[in-house]
Amino acid sequence: EIAQDNALFFPPADTHRLAEQMQLLLHDENRRKSLAEAGKQRLSDFSREKIMLRFEQVLLNELSKAKP
């Protein structure tokens with residue numbers, strides 16, 4: 001999962017569980033702040049530079065496989 005441990009999860013159709021998770025965040029300021037900070041840190045894994053470098057690595061790897 002892209003969010004890793006930086007999110008609260010619930011089954012897509014489980015509105016009761018969604019409401020529980022929202023209540024948890026509403027009443028737990030430390031958890032709310034912790035998840036927000038972790039999300040900001042996780043976001044740094046997706047900088048334009050990192051994505052382009054990874055794309056280049058994948059492309060070069062695939063091109064090297066295609067050569068006879």
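What follows is a short exchange of questions and answers.

Modeller: First the ground rules: this is a predicted model, where local features need pLDDT of at least 70, side-chain atom pairs count only at pLDDT 80 or more, and totals for chains, interfaces and linings use all residues. Residues are numbered from 1 along each chain as its sequence is written, and side-chain values use heavy atoms, with hydrogens and water left out.

Biologist: Okay, how many helices are in the chain?

Modeller: Helices (H or I, at least four residues) and strands (E, at least two) are DSSP runs, numbered from the N terminus. Going from the N terminus, the elements read α-α-α. There are 0 strands, and the helix count is 3.

Biologist: And what radius of gyration does the chain have?

Modeller: That one is taken over C-alpha atoms, and the globule rule is 2.2 Å times the number of residues to the power 0.38. The C-alpha trace spans about 60 × 25 × 15 Å along its principal axes. A compact globule of 68 residues would come out near 11 Å, but the chain has 19 Å.

Biologist: Which residue pairs up with Glu20 in a salt bridge?

Modeller: Side chains of opposite charge can pair when their charged atoms come close. The rule here is a side-chain nitrogen of Lys or Arg within 4 Å of a carboxyl oxygen of Asp or Glu, and by it the count comes to 5 salt bridges. The N to O distance is 2.9 Å, and the partner is Arg17.

Biologist: Is Arg42 buried or exposed?

Modeller: Buried means under 20% relative accessible area, exposed over 50%, and partly exposed in between (1.4 Å probe, protein chains only). Arg42 meets Asp45 in a salt bridge at 2.7 Å, N to O, and Asp45 also bridges to Lys50, with the closest N and O atoms 4.0 Å apart. Lys50 is partly exposed at 44%. Arg42 has a relative accessible area of 16%, so the label is buried.

Biologist: Last one: how much accessible area does the nonpolar patch have?

Modeller: Patches take residues with over 30% relative accessible area and no salt bridge, joining like charges within 9 Å and nonpolar side chains (Val, Leu, Ile, Met, Phe, Trp, Tyr) within 5 Å. Areas come from the Shrake-Rupley method with a 1.4 Å probe; for residues, only the protein chains shown count as cover. One member, Phe55, is in helix α3 (residues 48-66). Together Met52, Phe55, Leu59, Leu60 and Leu63 have about 510 Å².
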